[in-house]
Amino acid sequence: MAVSDNNKEYVHIKPKEQFDFFHDERVRSVFYQFLIAAAVGWFVWYLASNTAQNLEARGMHTGFRFLKVAAGFDSSFKLISNEPGVGTYGRIFIIGVLNTLYISALAIILSTILGFFIGVLRLSNNWLVAKVALAYVEIFRNTPVLIQIIFWYIGVFSLLPKVKNSIDLSGGAGVLLLNNRGLYMSWPIPGDLLWLTGVTIIIAVIAVVILRRWAQNRQDKTGQIFPTFIVSAALLIFLPGIVYFMTGMPIDWDIPKLEGFNFVGGASLPPSFMALLFALIIYHASYMAEMVRAGILSVDKGQDEAARSIGLRKKRSMSLVIIPQAMPAIIPPMISNWMSTIKNSSLAIAIGYPDLVSLFMQTSLNQAGYAVELVGMTMAFYMFVSLTISWLLNIYNKRVQLVER
Amino acid sequence: MAIIKAVKTPALPAPLSETSVIGWMKNNLFSSVFNGLLTIATLYIVYIAVKGLWTWGLVDAVWVAENRRECFSINPDGACWAGIFAWVDNIFYGRYPREELWRINLGILSLFIWMIPLWLPRVKAKISIGLTTVFLYPFLAGYLFSGGDKGIFMQIMLTAAIVCLAGNTIHATIGVFTGRSLPEFLSSLFGKKKIHEKTQRNIFLGIIALSFVLIYVWQMSWSLGGVSWTKWGGLFLTFVVSGIGIASALPGGIILALGRRSNLPVARVLSTSFIELFRSVPLITVLFMATTMFPLFMPEGFVLNKLVQVIIAVCLFNACYMAETVRGGLQTIPKGQFEGGHTIGLGYWQTMGLIIMPQALKRMIPNIVGNFISLLKDTTLVSIIGLFDVLTMLRAIGKDRTWLGLHLEPLVFGALLFFLLCFAMSKYSRHLEVKLSTNHNN
């Protein structure tokens, strides 16, 4: 009896599942999303239909057939050959892409090196050096890069002496000349047996890798330090050098010669290229320097002190303890700085360096029309580059996080 | 035998080698041979650079001249600042009609009057002042700058802006002297008679309505001549474009960032792709897109002028950058803050507006100001697509007949101008960061 009484007491009353349609979170979320999607969809459709109407009204053609049409102009600077009037718009696109990538790659490499250098100077215990580095950073970060580009172009590279009075940067050898038409340099022409030197370089690199592993292993086991740097440098320089001389120096130099009013032969870079390169290097190095500084400062001071206390010298502590730990803090902003270097190289348009934007979005657009396609292709290129870089960055971040645990 | 002194021995002063100038120099400049050499080398480089700039820019410079030839005849080695002085109106105001320049000055002055209360410590209701600056000032400035016929909407907004400006100023003055707000002060004017709160509010609203009507009638009596946007230029145009960009980037960025962090997949995907689209392309391509594609986007017969196209492009571009900054700030807020907000029964928007955003915005100040600085610098790009901004005006000096070939000095002047603006902004942000910091750890 008592048992049944107890049972009665514990009968569960199921709470009434109240399904309130208007106050249910899921219903609301679906409703809001539908609203957003409808609004955006309508807006896009509205723009697209307007565009179609306008294109028709103006008698403009669409489609990508124009890429196979010969372009009536030529690029003043190009890495692949092109004949004006024969080369197509597709080829102009490739020339533009290569020009953009070429100058961005150079600017990225050099600005990273300069930025690292200045970032370290910024932390120097020499007061004067630190202040000069700070002044550099503040001056170049706080002025528009466009003004800097134009300054280098008009204020420096256009004021250089004329062709006849070129400045010889190689000290009288005539292989590196600078004048107001650009930088002229000798260009190597490979001879018959040059491949032997190439093979030797590869062998030397492999040898260096093996040597470093061996030295690392030995140091781990015995604690003896092998002078890897000097030995590998010697390997890399002397091995190919000997082969190069033994095969009879198979490189001819195409030296620029003054003919008429200009230099002929060799390779040359136009002043607009030099100006843009200098401006990008100096501007982005100032950002880079701050990132390096912030990264190094983010490493706990105790790390350096511990390294010093186990007998590492200042330089070794920096390269073995501080920098490796600062890298995860430096690399993500550094890569976004690289990205903005690529983007800022599009300012070439202000000084006439034929990059993608200036060739494709300006000249081609004025000549051929096809606004939607040209704008779309140019933006797609930059988006492709940026997405590739952020994909690589994500991979890197994951690896760093794994190491950190 | 130990000697015990009853009196504490005074501490010796630090040795001279630590405190004197020479000691400081030894520690900071000549701590080692290498450092000493480095110091001397740096000193030499600095000396060369500063001396070169000094003689070019100040000692040998020509300050008064009629044209560039005269500059050359006075001193061919120095800078020719006379050209800058001759063009200073053009640099600041572009081609704006010279007899109407007071309108720009008045517009800038009224912005200052409007915003000064934000810096005065005793003034209350700063948020409303800030909001009215963002929402009403543009109408006042817009009418002052462009003029022309006032439509009925413009008349109302203009009146509202003037009323608000007057109210703000009175409110701020009272605030500075008495530390009270305007409504409090008004009610205290009626003496000790206890008036019901509702009546107080009615009186206050009545005064506002009355002044609104009065100013509305007054503003109907005058109108300004129209100035086409094509006449806008110089630093003024740069400020207009970047000002609108700054004012709209923050709200736009907040919305996009919230969209990107939202639980709704559709909102998330759309905001993410929008942000990534604009962040991965250079600003100049966005500007070109604006000038070539926006006309195609518009329905037939509807023409956006170039300035509006550029402003829209700049706003979209900067909203996306700001969105990433805001997202970064939101990520620093611990999850407990969201949960805490929900626990005390706040909804999504209340949690965001009352708990998350105030904390996040405070942490984001350096980055937000950094964004503003880069926006100001990026505004020079509008010169490429043919607006007469400050850079265009600076480059035009060298093409002017009397100052033909004067290229370098205008650029240096422009660089200096931007440097002062941007440097001041970054220093101020640093100050604000310290002032607003509630972190008691350090």
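Chain B is divided into three parts: domain 1 covers 23-59, domain 2 covers 97-226, and domain 3 is made of 236-399 + 406-436. The C-alpha centres of domain 1 of chain B and domain 3 of chain B are 40 Å apart. Keep in mind as you explore that this is a predicted model.

**Chain B as a whole**

- Chain B has 20 helices and zero strands.
- Its radius of gyration is 29 Å, whereas the globule rule gives 22 Å for 442 residues, so chain B is more spread out than a compact globule.
- Along the principal axes, the C-alpha trace of chain B spans about 85 × 85 × 55 Å.
- Buried residues make up 31% of the 442 residues of chain B.
- Take the contacts in chain B with a separation of 6 or more: 65% of them come from residues 24 or more positions apart.

**Chain A as a whole**

- Chain A contains twelve helices and eight strands.
- For 405 residues the globule rule gives 22 Å, but the radius of gyration of chain A is 31 Å, so this chain is more spread out than a compact globule.
- The C-alpha trace of chain A spans about 115 × 80 × 50 Å along its principal axes.
- Of the 405 residues in chain A, 29% count as buried.
- Among the contacts in chain A that link residues at least 6 apart in sequence, 65% join residues at least 24 apart.

**How confident is the prediction for chain A?**

- The average pLDDT of chain A is 84, and 94% of its residues score at least 70.
- Where in chain A is confidence lowest, and where is it highest? The lowest mean, 52, belongs to helix α1 (residues 2-9) of chain A, and the highest, 93, to helix α8 (residues 271-298) of chain A.
- Here is a handy reading tip: where pLDDT is low, the predicted coordinates should not be read in detail.

**Where the two chains meet**

- In this model, 48 residues of chain A are in contact with 44 residues of chain B.
- Several helices of chain A each supply at least two residues to the side that touches chain B, among them α4 (127-141), α5 (145-157) and α10 (314-344).
- Which helix gives the most to this side of chain A? That is α2(A), with 13 residues.
- Sorted by class, the side of chain A that touches chain B has 31 nonpolar, 15 polar and two charged residues.

**A closer look at α5(A)**

- The buried residues of α5(A) include Val145(A), Gln148(A), Trp152(A) and Phe157(A).
- These buried residues pack against α8 and α10 of chain A, together with α19 (390-397) and α20 (408-436) of chain B.
- The helix α5(A) also has a kink of about 25 degrees, centred on Phe151(A).

- You can find Ser232(A) in helix α7 (residues 228-246) of chain A.
- Is Ser232(A) buried or partly exposed? With 18 other C-beta atoms within 10 Å, Ser232(A) is partly exposed, because a residue needs 20 or more to count as buried.
- Setting aside neighbours within four places in sequence, Ser232(A) is in contact with Val208(A), Leu211(A) and Arg212(A).
- Asn99(A) is 133 residues from Ser232(A) along the chain, and their C-alpha atoms are separated by 35 Å.

How values were computed
Residues numbered from 1 in each chain as written. Chains lettered and ligands numbered in written order. Predicted model: local features only at pLDDT ≥ 70, side-chain atom pairs only at ≥ 80, totals over all residues. Helix = DSSP H or I, 4+ residues; strand = E, 2+ residues; numbered from the N terminus. Rg over C-alpha atoms; globule rule 2.2 N^0.38 Å. Buried ≥ 20, exposed ≤ 12 C-beta atoms within 10 Å, placed from the backbone. Contact = placed C-beta atoms within 7 Å. Domains from an automatic or database assignment. Nonpolar A, V, L, I, M, F, W, Y, C, P; charged D, E, K, R; others polar. pLDDT = per-residue confidence, 0-100. Bend = angle between axes of the 7 residues up to and from the residue.
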